[in-house]
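Biologist: Hi! Could you walk me through this one while I have it on screen?
Modeller: Happy to, let me bring it up.

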Amino acid sequence: LPMSGIGEILKAVGDFELFQKCLVLLTMLPCLSVAFHQFCQLFMVPHVPHHCDTSWIRAIGPNLTEEEQLNLTLPRDVDGEYEQCSMYSPVDWDLSSIMEYGLNATEKCSSGWVYPSAQPPSLLTEFDLVCDRKDLNDVSQSIYMLGLLLGAMIFGPLSDRIGRRPVILISIFLQGLFGVGIAFVPHFYVYMAFRCVVGATVSGVTMTILALATEWVGVSSRPKAVLLSHCCFAIGQMLLAGLSYGIRNWRLLEIAGSAPMFALFFYIWVLPESARWLVTKGRIEEAKKLLQKAASINKRTIPPGLLEQPGVSFAGFDSLAFCILKLKPETQTKSGSTLDLFRKKHLRKLTLIMSCAWFVNSLVYYGLSLNVTNFGLDIYLTQLAFGAVEIPARVGCIFMLQWFGRKKTQAVLLLLSGLVCLIITGIPEDQPGTSTILAIIGKFTASASFSTSYVYSAELFPTVIRQTGVGLCSMSARVAGIMAPLIRLLGQYHRAIPMAIFGSAPVVGGLLCFLLPETRGTELVDDT
């Protein structure tokens with residue numbers, strides 16, 4: 001396709017030189033914090049032994065030992081251990097009567113719980129996320145994922161209206177503010193509300209900063225830029241394992257993971273606006289200054305004819321503005337909407353299958369990632385492995401796409417992700433090593449599949465509705481992210497149910513991908 005307008009000028013500025021490399025580096029730094037917020041709660045709710053607070057008996061037996069107190073006031077389970085969620089109902093007898101006749105009537109813990117005194121403060125111990133309240137842990141993960149969805153819906157249109165740079169700066173400030181604020185919340189419902197806001201800002205940062213990078217980087221280097229940010233997210237997961245191992249107090253851990261966002265305030269002085277966005281808003285002079293600055297950093301020279309005032313023939317507009325104006329009628333006639341994705345049969349098929357692929361991919365990815373505490377091995381080592389395995393997965397994805405094509409890569413990776421989860425359902429609980437190794441393999445294939453989805457979707461949808469199509473797919477992935485923690489709650493009925501769902505969904509999605517066309521080596525489609 002012939003280059004025109006802003007594309008031609010950006011080509012003269014340089015596709016992926018010093019200016020763009022510095023910009024991509026700036027986009028990578030917030031990805032470390034994104035990984036922290038995505039998975040930090042897993043380390044804030046450790047399994048802690050607990051039992052009902054039965055200090056009522058101290059009023060009539062102040063000299064009882066702790067073991068005597070527990071023996072008189074707590075029933076035992078079938079294994080002979082003290083029940084964690086029930087106690088004998090308090091009575092107004094004297095101590096000798098209780099010791100002689102014993103207590104029989106039981107009730108739920110009415111005065112709270114007791115935890116080991118040596119245990120560092122955690123979400124579980126401070127907000128009593130045990131027994132009837134333990135489901136709040138998974139519910140709060142869903143609330144965070146809801147924040148991601150809301151952030152995409154709020155900050156996406158906002159960045160189109162006020163610009164990429166202001167939205168990134170606002171999101172970074174709010175993420176630091178509410179992230180640190182979480183460390184001081186007095187109640188778990190306030191914690192969930194703050195987490196929702198942080199989730200929204202995570203979407204604001206990741207979506208907008210990625211858009212800014214891709215609008216400055218040349219077409220051939222865009223996959224490289226996206227891959228680098230994905231790898232940085234993986235490094236962030238590995239850093240989380242070390243950070244949470246060293247800081248066991250959940251409030252201090254939250255501050256350690258959130259406060260560094262304030263260090264990114266130097267972005268106010270160094271982060272550029274998108275030249276493409278400035279041009280679409282008619283801010284031509286600002287775009288010219290930015291392009292000239294980028295060219296000078298890249299030690300390039302923009303041909304004089306592209307940015308100079310050409311004279312009366314262009315009626316006072318510079319050539320950049322003229323190119324854009326010249327393109328406007330064509331752009332307007334080819335604009336597409338969400339409805340276009342469903343009006344035509346072939347587009348409807350693409351949209352439904354790719355939305356399904358993104359949904360099941362997100363479901364299995366978060367199903368495995370949020371299950372890190374349940375595989376039986378050390379959660380810090382498991383998290384380190386989960387982060388490390390994403391780097392070869394993201395890099396290897398590029399070669400798989402070149403060798404096997406988009407369709408086969410997407411389908412096979414989803415099938416493998418699902419099959420691994422289905423195999424895990426049959427592994428006995430006393431073999432945690434096997435389950436963990438299989439989960440790491442599943443995380444590898446799910447991560448590679450996610451990277452494939454970005455490339456495949458962009459090539460499948462026509463140019464006029466590409467952003468709309470990819471946005472719809474991304475939204476379906478967010479919905480799956482909300483559902484994944486809630487599906488984990490089904491484990492209370494049978495431990496295999498959640499993993500069976502996380503396994504069967506991507507198998508169906510992978511099979512559906514075989515119905516899609518191959519896009520390797522084909523020209524991008526421009527209209528519907």
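Biologist: Let's start with Arg 300. Is Arg 300 buried, partly exposed or exposed?
Modeller: This is a predicted model, to begin with. Arg 300 counts as partly exposed, because its relative accessibility is 35%.

Biologist: And which residue does Arg 300 form a salt bridge with?
Modeller: Its partner is Glu 17, with the closest N and O atoms 2.6 Å apart. The pair links distant parts of the chain, 283 residues apart. Arg 300 sits in the loop between helix 13 and helix 14, while Glu 17 is in the loop between helix 1 and helix 2. Glu 17 is partly exposed, with a relative accessible area of 22%.

Biologist: How many salt bridges does the structure hold?
Modeller: There are eight salt bridges. One of them joins Asp 138 and Arg 488, at 2.4 Å from N to O. Asp 138 belongs to helix 6 and Arg 488 to helix 22, so this pair ties together parts that are 350 residues apart in sequence.

Biologist: Are Asp 138 and Arg 488 buried or exposed?
Modeller: Both Asp 138 and Arg 488 are buried.

Biologist: What about Lys 443, which residue forms a salt bridge with Lys 443?
Modeller: That's Glu 390, with the closest N and O atoms 3.1 Å apart. Lys 443 is in helix 21 and Glu 390 in helix 19, so the pair ties together parts 53 residues apart in sequence. Both residues, Lys 443 and Glu 390, are buried. They are also linked with Arg 394 in a network of salt bridges.

Biologist: Switching topic to helix 18. Which residues are buried there?
Modeller: In helix 18, which runs over residues 379-388, the buried ones are Ile 379, Tyr 380, Thr 382, Gln 383, Phe 386 and Gly 387. They lie on the same side of the helix because they cover an arc of only 160° around the axis.

Biologist: What do the buried residues of helix 18 pack against?
Modeller: They pack against helix 2, helix 9, helix 17, helix 19 and helix 21.

Biologist: Nice. And what caps the N-terminal end of helix 18?
Modeller: Asp 378 does, with a side-chain oxygen 3.1 Å from the backbone nitrogen of Tyr 380.

Biologist: Last one: which residues make the nonpolar surface patch?
Modeller: Val 412, Leu 416, Leu 419, Leu 422, Leu 511 and Phe 514 make a patch of about 490 Å². Helix 20 gives the largest share, four residues. Val 412 lies in helix 20 and counts as partly exposed, because its relative accessibility is 38%.

Notes. Residues numbered from 1 in each chain as written. Predicted model: local features only at pLDDT ≥ 70, side-chain atom pairs only at ≥ 80, totals over all residues. Heavy atoms only, no water. Buried < 20%, exposed > 50% of the residue type's maximum accessible area, 1.4 Å probe, protein only. Helix = DSSP H or I, 4+ residues; strand = E, 2+ residues; numbered from the N terminus. Arc of directions from axis to C-beta. Contact = heavy atoms within 4.5 Å. Polar contact = N/O pair within 3.5 Å; in protein donor to acceptor, adjacent residues only side chain to side chain. Patch = residues over 30% accessible without salt bridge, like charges linked within 9 Å, V, L, I, M, F, W, Y side chains within 5 Å. Areas by Shrake-Rupley, 256 points an atom, 1.4 Å probe, with all protein chains shown as cover. Salt bridge = Lys/Arg side-chain N within 4 Å of Asp/Glu carboxyl O.
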